[in-house]
Structures are given as structure tokens and as C-alpha cells.
Amino acid sequence: MLRRPWTLRTRLVVSAVSLIAVVAAVIGSVTAIAFHSYMYGKLDDQLHSVAERAQRPPGPGPLPQALRAAGPLGFVGGGGQPLGTFGALLGEDGDVTASKVVEDSGLRAQESAKPLTGEQRSALEEAAPGTGEGARSVDLPGLGGYRVEAATTIEGYTVLVGIPSAEVSGALTTLIVVEVCVTAAGLLAASIAGTVLVGVALRPLRRVAATATRVSELPLHSGEVALLERVPDAEADPRTEVGQVGAALNRMLGHVGSALTVRQESETRVRQFVADASHELRTPLASIRGYAELTRRATGSPEAPEPDPVTRHALGRIESEADRMTGLVEDLLLLARLDSGRPLSYGSTDLLPLVVDAISDARAADQGAPGQDARHRWRLELPAEPVTVRADPDRFQQVLVNLLANARTHTPPGTTVTVAVRPPVRAGGPVMLEVRDDGPGIPAELLPHVFERFARGDASRSRGPGTGTATGSTGLGLAIVQAVVSAHGGRVRVDSEPGRTVFVIELPAEADEALRAGAAEVDEALRAGAAEVDEALRAGSAEAEAAHHAGSAGAEAARRAGSAGAEAARRAGSAGAEAARCAGSAGAEAARRADSQGRDRLSTPV
């Protein structure tokens with residue numbers, strides 16, 4: 001599984017926070033090392049001072065009786081040492097022969113001194129430094145860490161002096177904890193601030209990306225394109241990095257827009273040329289066909305001799321090629337009209353009669369010699385109810401003819417061709433029309449281009465001997481199918497494999513909301529008209545009675561018309577009585593002002 005790539009904002013924030021973390025770690029490490037050296041230096045100076053007192057008695061005077069009685073370790077209780085200071089006397093073999101640990105201060109220091117335990121003496125003997133080696137850290141069980149130094153007294157004894165290092169170690173630990181907490185808080189604050197600042201800094205870049213996204217969603221592949229999207233001037237300042245990107249994108253969009261304009265103008269000229277050429281070719285082609293047919297009919301009469309077989313064949317070929325050329329010209333003209341966006345004649349169309357007629361025409365065109373059956377087997381799958389869509393019947397008939405002709409001419413004899421119409425399976429769903437056959441299928445390399453103009457298949461789906469035709473395909477039939485279906489708001493697709501090829505057309509079903517809305521408007525207008533007529537009747541006016549009859553007649557006419565909305569009645573009579581109004585969706589007006597004798601004139605469009 002591929003790891004999701006980091007965004008630019010994430011990479012910038014992580015890089016900045018990592019750099020800050022490295023700097024903070026370096027500063028903290030240097031600070032801790034310097035503090036460690038400073039504190040242990042002071043501790044060693046204090047230890048060295050105690051060791052000097054152990055080497056010779058302080059001052060020139062005689063020693064007090066308590067210190068003389070204490071022997072070489074008398075300095076331990078002599079004062080000036082921190083609590084926990086110990087002294088140990090070493091024998092010639094390096095073993096501790098005597099020891100004292102100060103646990104009190106002042107005058108009671110000497111009396112409160114206690115010897116080291118056996119475990120503590122063993123630990124001291126293993127890690128004790130030699131004379132002149134300087135201070136060394138020793139860990140005594142039950143007492144903690146010590147800095148220990150060896151000294152030789154004036155009597156020649158070797159004494160180990162140690163002072164506790166717990167205070168220094170605690171200060172160093174506190175410093176490290178503070179540094180770690182401050183660094184963590186600083187990194188968290190830097191992450192939040194960096195995320196906000198980087199987000200603000202990248203906001204112009206996001207606007208540039210949004211402009212590029214909107215351009216990418218435009219349909220640039222065909223038709224006239226108005227490429228008006230540009231990066232705002234604030235994000236196109238060449239003095240900034242993002243502005244350079246925005247300015248470059250604007251220049252590129254300008255070039256693309258110019259290229260699209262030139263392309264559209266070229267396509268328009270080509271379409272116009274094709275339309276004009278196709279229109280102009282219709283007359284000479286009709287003349288060629290007419291003269292060829294006239295020549296063929298005139299031969300064999302008493303005035304004209306019978307032509308030889310070569311001439312007859314040539315005349316037949318002239319007619320067939322003229323017919324083929326006429327069909328090609330008509331197809332090109334139709335495509336040119338569809339490309340230009342000319343509206344079609346849409347109307348409510350039932351697909352079932354169109355399919356039946358198209359199948360009948362295809363079966364008739366598939367006949368072989370007189371008396372022979374069709375070369376293909378034609379099948380229908382139709383629902384029992386009508387299936388209506390808004391379509392141009394003539395153009396959609398051409399769609400069916402092209403699809404069936406494609407199946408007839410590109411499949412071998414004996415192929416079964418089935419046309420199926422499927423109503424929407426759900427409300428608002430499309431109407432499905434399928435044309436499938438069990439022929440050899442469309443080559444895989446041709447399948448993506450099958451709806452392109454002048455696309456032709458290989459020999460497995462081409463015309464040839466045994467198919468009933470001697471001319472090649474023009475390659476425009478399926479292009480016309482796609483163009484007409486797209487003009488109807490639908491889409492067409494094809495799935496093909498050996499033994500099964502299916503062309504599927506999806507068309508939007510004809511909505512009946514307008515009919516229901518029209519019926520609702522008619523009912524509401526009828527109720528309103530009846531209420532107004534009742535009010536006029538209660539007034540006892542003859543003009544109101546006449547308006548009532550006229551409004552009822554208008555409402556009945558509007559109901560029969562089934563229109564989406566009609567205005568039923570207007571004010572009637574010289575006393576200002578109002579008649580009923582009744583409306584359908586066709587926008588009919590029901591009643592007008594009656595004349596002075598009480599006669600109303602009602603006009604209801606159908």
C-alpha cells in the first residue's frame with residue numbers, strides 16, 4: 001500500500017519544527033554539559049579543600065584533645081564539611097581499616113560520626129582512586145553518589161575523603177527536566193503557530209490551484225469555449241514566488257484561450273465548408289442519377305439500340321455509386337447541422353412504433369433473391385405499455401436505421417439481431433433501448449473509436465461477398481447515432497465481445513409532471529369559478545346567472561382540452577359581477593366581460 005504523500009504545508013511545518021527541535025536539543029545539551037562541568041568543578045574544589053585538611057592539621061597551634069583522640073580521621077568532625085562527608089583509612093593492602101560518616105554539624109559532629117557498613121566499605125574499596133589520581137565518582141549503597149579523593153596525611157596514612165554529590169545531581173536533573181518541558185512546550189507552540197502562518201502564506205497558492213481546477217473542469221475538448229478564468233492580480237505579482245506561478249498560469253491560459261479560439265474558427269470554417277459542399281453536391285448527384293436512369297430506360301426502344309453488357313454494367317455502377325455518394329453527402333450535411341446546434345423538432349414520441357417500423361425495414365432490406373428468407377434473424381423485446389420520450393421522430397428513426405444497418409452489414413448471415421426497449425425501472429430513470437447481435441464482435445482496438453467519424457472495422461465486420469452489398473461503409477452511421485442521441489440529452493455506449501455486441505441508448509423519459517400540474521390548476525380554477533358564481537347567484541342578479549352558465553361552459557371546455565392552465569372567467573354584467581376563471585397549462589383564457597344584455601363571450605383555446 002502506497003504511503004499517502006504529505007502536503008506542502010505539512011512538510012514545511014514538520015521541517016520547521018524539526019529544525020527548532022534540533023536547535024533546542026543542541027542548546028539543552030550544551031547547557032547541561034556546561035552546568036555539569038561547573039557544578040562538579042565546584043564540588044571537586046570543595047572536596048580538595050577537605051582533602052587538604054585531612055593531610056595536615058589546620059593552623060599552627062596544638063590540636064584539640066577530641067581531634068587528637070580521633071586519630072587520622074579527626075578531620076571528619078572538625079567542621080567545615082557538608083553533611084554526609086566521610087573519611088576512610090586505608091591499610092597497606094588497600095582495605096578500609098577505619099571510617100567515619102558525618103551525620104550532624106557543629107560541636108556534635110565528632111560524636112555523631114558513624115562508621116561505614118561492610119557493604120559500603122566493599123563498594124569504596126572497589127572504586128577508590130589512588131593517591132594523586134584526582135576525584136572520582138563512587139556510589140555507596142544507602143548513601144548515594146559521592147565524589148572521592150585520596151590523600152596522604154603527615155603521619156603517612158592514606159585517607160579517602162568523600163563528599164556527597166546528591167545536591168549537584170539533583171540540580172542537574174532539575175535543569176534537564178526544565179529544558180525538556182520548555183522544549184516540548186516550545187515545539188507545540190511552534191507547531192501551532194507554524195501551521196497557522198504556513199496556511200496563511202499558502203493561501204494565495206491555494207487560490208491559484210483553485211483557478212487551475214476550475215479550468216480543468218471546463219469542457220475544452222470540443223465546441224466554442226470561453227476561457228475567462230484567470231488568477232487574480234493579487235496572486236499574480238511577479239515579485240513573489242506564488243505570484244510568478246500565478247502570472248505564468250495566466251500567460252498559459254491566455255495562450256490556450258487563443259489556441260481554442262483559432263481551433264473553433266477552423267472547425268467552424270470546416271463545418272461550413274462541409275455543409276456548403278454537401279448542399280452543392282446534392283444537385284449534381286441527383287442529375288447523375290437521373291441521367292443514368294434515363295439512359296437505362298431509353299435503351300432497348302425502337303429509337304435506341306440495346307446496349308452491350310459492359311454498358312449496362314457501367315450504368316448500374318454509376319447509379320449505385322451515385323446512390324452511395326448521395327447517402328454520404330446527406331450524412332455529412334446532417335452532421336454539419338447537428339454540429340452547428342440547429343434545434344430538432346422535439347415532441348412526445350412513442351418508441352414502440354418506431355422500433356417496429358425499423359425492424360420491418362431492416363428485414364425487407366435483408367431479403368436475398370426473390371422468394372428467399374432474410375439472411376439474419378430479427379427479434380423484438382417490447383413492453384406491453386407505450387414508452388414515450390421527447391424526441392424528433394425522423395431523427396430517431398434514422399438512429400434505429402443506422403444501428404440495424406450496422407448489425408446487418410457487419411455480421412455474417414445467420415446472425416440473430418435483437419432490439420429491446422426497456423421502460424424506466426425507477427422514477428426519473430432513463431429509457432433503455434438495446435440493439436444486440438451474436439456476431440463476431442468489434443475488434444478491441446476499434447472499440448474506443450467506434451463512434452468517431454469515418455471509423456471502419458476490419459474484415460470480420462466489413463461488407464463483402466455474401467452480405468448482400470458490394471460497397472464499403474462510409475464510417476458515418478455510428479457518428480450520426482451519437483450526435484443525434486446527444487442532441488436528445490441521452491448517451492450511447494457499446495459493449496462487445498466475440499458472440500455478443502450490444503449498443504445501449506439511454507434517453508430521459510418524458511416527464512408527466514406538467515400534466516399533473518395542469519390538472520391541479522384546472523381543478524383549482526374550477527373550484528374558484530364555482531365559488532365566484534355562487535356569490536353572484538346569491539346577489540340575485542340576472543347578469544350573474546348568465547355569467548354562471550358561461551363560466552360552467554368554459555370550465556367544461558377547459559377540462560376537455562386537458563391543458564396545463566386556463567383562465568376561466570372574468571368580471572361579467574353591468575353590475576360588475578365576476579365570472580369564473582378556469583386555466584390549463586396552455587394558458588387559455590376562459591371568459592370575458594359580458595355585454596349590456598347579460599350575454600357573455602367565452603374563448604377557450606385547445
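User: How do H8 and H11 cross, left-handed or right-handed?
Analyst: H8 passes H11 in a left-handed crossing. Left-handed means the near helix is turned anticlockwise from the far one by less than a right angle, and right-handed means clockwise. This is a predicted model, where local features need pLDDT of at least 70, side-chain atom pairs count only at pLDDT 80 or more, and totals for chains, interfaces and linings use all residues. Residues are numbered from 1 along each chain as its sequence is written, and side-chain values use heavy atoms, with hydrogens and water left out.

User: Which residues make that contact?
Analyst: On H8 they are Asp331, Leu334, Leu335 and Leu338, and on H11 they are Ala479, Ile480, Ala483, Val484 and Ala487. Contact means heavy atoms within 4.5 Å. By class, the contact of H8 with H11 has 8 nonpolar, no polar and 1 charged residues. Ala, Val, Leu, Ile, Met, Phe, Trp, Tyr, Cys and Pro count as nonpolar, Asp, Glu, Lys and Arg as charged, and the others, Gly among them, as polar.

User: What about the angle between H8 and H11?
Analyst: The axes of H8 (residues 309-339) and H11 (residues 477-487) cross at roughly 30 degrees and come within 10 Å. Axes are lines fitted to C-alpha atoms, for helices over the stretch in contact, and angles run from 0 to 180 degrees between N-to-C directions. H8 and H11 are therefore roughly parallel to each other. Angles under 35 degrees count as roughly parallel, over 145 as roughly antiparallel, 65 to 115 as roughly perpendicular and the rest as oblique.

User: And how do H10 and H11 meet?
Analyst: The axes of H10 (residues 393-409) and H11 come within 9 Å, crossing at roughly 145 degrees. That crossing of H10 and H11 is left-handed. Arg395, Gln398, Val399, Asn402, Leu403 and Asn406 in H10 meet Gly477, Leu478, Ile480, Val481, Val484 and Val485 in H11. The residues of this contact divide into 7 nonpolar, 4 polar and 1 charged.

User: Which residues of H11 are buried?
Analyst: In H11, Leu478, Ala479, Ile480, Val481, Ala483, Val484 and Val485 are buried. Buried means under 20% relative accessible area, exposed over 50%, and partly exposed in between (1.4 Å probe, protein chains only).

User: What covers them?
Analyst: The cover on the buried residues of H11 includes H8, H10, strand S11 (491-497) and strand S12 (500-508). Just after H11, Gly489 takes a positive phi of about 80 degrees.

User: New topic. Where is Arg147?
Analyst: Arg147 is found in strand S4 (residues 144-152). Its relative accessibility is 12%, so Arg147 counts as buried. Leaving aside neighbours within four places in sequence, its contacts include Tyr40, Asp44, Arg136 and Ile163. The C-alpha atoms of Arg147 and Thr85 are separated by 9.7 Å, and these residues are 62 apart along the chain.

User: How do H1 and H5 pack?
Analyst: H1 (residues 8-55) and H5 (residues 166-201) pack at an angle of about 165 degrees, with their axes 9 Å apart. H1 and H5 are therefore roughly antiparallel to each other. Their crossing is right-handed. The contact of H1 with H5 divides into 19 nonpolar, 9 polar and 2 charged residues.

User: How many helices and strands does the protein have?
Analyst: The protein has 13 helices and 16 strands. Helices (H or I, at least four residues) and strands (E, at least two) are DSSP runs, numbered from the N terminus.

User: What share of the residues is buried?
Analyst: Buried residues make up 35% of the 606 residues in the protein.
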